[in-house]
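Okay, thanks for coming, everyone.

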Amino acid sequence: MTNTQVTLIQIDNYGPWTVTPAPRRETDLQTLQSRLFADLSQQIGAHGGYAFFTRFDNIIAVTNGMDVPDHARIQESIGNRYPVTISMGIGLGETPAEALVEATTRLQEQGSAQDQDRREVLLGSTLNPTERTDEDIQIAHFDVIDATGKYTDQLDAFSTFIHIEQGYATLMRHLHDEYGGLAFFVGGDNVIAVCPELETPEYEAIIEHVESTANVTLQVGVGAGSTAHDAGMAAKHGLEVCREEGTRVEGSLAD
Ligand SMILES: Nc1nc2c(ncn2[C@@H]2O[C@H](COP(=O)(O)OP(=O)(O)OP(=O)(O)O)[C@@H](O)[C@H]2O)c(=O)[nH]1
């Protein structure tokens with residue numbers, strides 16, 4: 001059984017801030033958002049967690065191994081260095097989707113994302129260190145087979161982008177709705193998914209669904225661990241085996 005700890009990070013009252021006292025330059029907003037994501041990725045990564053940029057004003061992180069004071073230090077540091085503050089809701093669940101629902105509810109109960117008075121909320125409970133196991137997180141690292149040869153070197157860049165995004169859109173919805181997994185585009189042709197405990201036939205069915213729906217062919221490396229980093233590294237090694245052996249699903253799986 002997986003036991004994923006998910007943190008939802010939300011920029012406080014960001015919508016109004018982007019237009020106060022007048023609309024701010026778009027490139028400044030893009031710079032702020034990408035720097036904030038880089039900062040959170042580095043700080044959460046230093047604890048073995050993974051952060052995903054998602055919508056930039058809402059960032060989703062897998063934070064197994066981090067306690068509430070670890071979160072508080074990051075929140076304080078962002079508040080000291082940026083013109084915006086962040087709120088954090090932490091959730092636990094048997095599936096990553098369930099954990100995210102709990103994390104989201106923690107913030108929503110304190111008020112709207114655009115509530116002037118809801119600032120630097122930090123709520124939720126973290127995993128008991130004595131109950132952590134090497135199976136707490138399962139990460140699936142998906143990659144489009146030969147994206148360079150089929151798309152990048154053949155089509156114009158926007159047509160390639162549409163193919164990759166269509167594959168991602170199909171995968172993210174299917175994994176979430178059918179299995180309670182959370183899939184995130186991480187660049188190039190790569191998608192990293194935080195999954196419940198799935199096995200080879202399920203990954204084969206997922207790949208088949210994306211191929212028949214979006215005409216994009218995927219391979220996947222799967223790894224388990226007590227932190228996102230450990231599970232994610234094992235998944236990357238699984239993907240290397242796919243590339244070497246020409247297989248579609250590899251990694252720490254039951255069969
Ligand atoms: N975030 C992230 N991006 C990656 C990773 N590996 C590759 N990429 C991205 O994916 C792009 C394509 O690289 P590959 O996936 O190795 O190329 P490919 O042509 O699909 O070849 P195969 O994966 O071997 O089928 C690169 O330009 C990177 O942008 C990874 O581990 N993480």
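This is a predicted model: local features need pLDDT of at least 70, side-chain atom pairs count only at pLDDT 80 or more; totals for chains, interfaces and linings use all residues.

Residues are numbered from 1 along each chain, as its sequence is written.

When I say helix or strand, I mean a DSSP run (H or I, at least four residues, for helices; E, at least two, for strands), numbered from the N terminus. Strands pair if DSSP finds at least two bridges between them. Strand β9, residues 218-225, runs parallel to β10, and three bridges join them.

Now zoom out. Which strands form the open sheet? There are five, in the order β7-β8-β6-β9-β10, with mixed pairing. β7 (182-187) and β10 (249-251) stand at the edges with a single partner strand each, so one side of each has no neighbour in the sheet. From one strand to the next, the twist averages 25°; angles run from 0 to 180 degrees between N-to-C directions, using axes fitted to C-alpha atoms, for helices over the stretch in contact.

Helix α8, residues 228-245, packs on this sheet and touches β6 (137-144), β8 (190-195), β9 and β10. Its direction makes about 145° with that of β9. Contact here means C-beta atoms, placed from the backbone, within 7 Å.

On to the inside. A residue is buried if 20 or more other C-beta atoms lie within 10 Å of its own, exposed if 12 or fewer, and partly exposed in between. A nonpolar core is a set of buried Ala, Val, Leu, Ile, Met, Phe, Trp, Tyr and Cys residues joined through C-beta atoms within 7 Å. The largest one has 61 residues, and A140 and A193 have the most contacts inside it. α8 gives the most to this core, six residues. Leaving aside neighbours within four places in sequence, A193 is in contact with A140, F142, L175, G181, L182 and A183.

Over in helix α2 (residues 26-45) we find I44. Buried or exposed? I44 counts as buried, because it has 25 C-beta neighbours inside 10 Å.

Notes
Two residues are in contact if their C-beta atoms, placed from the backbone, lie within 7 Å.
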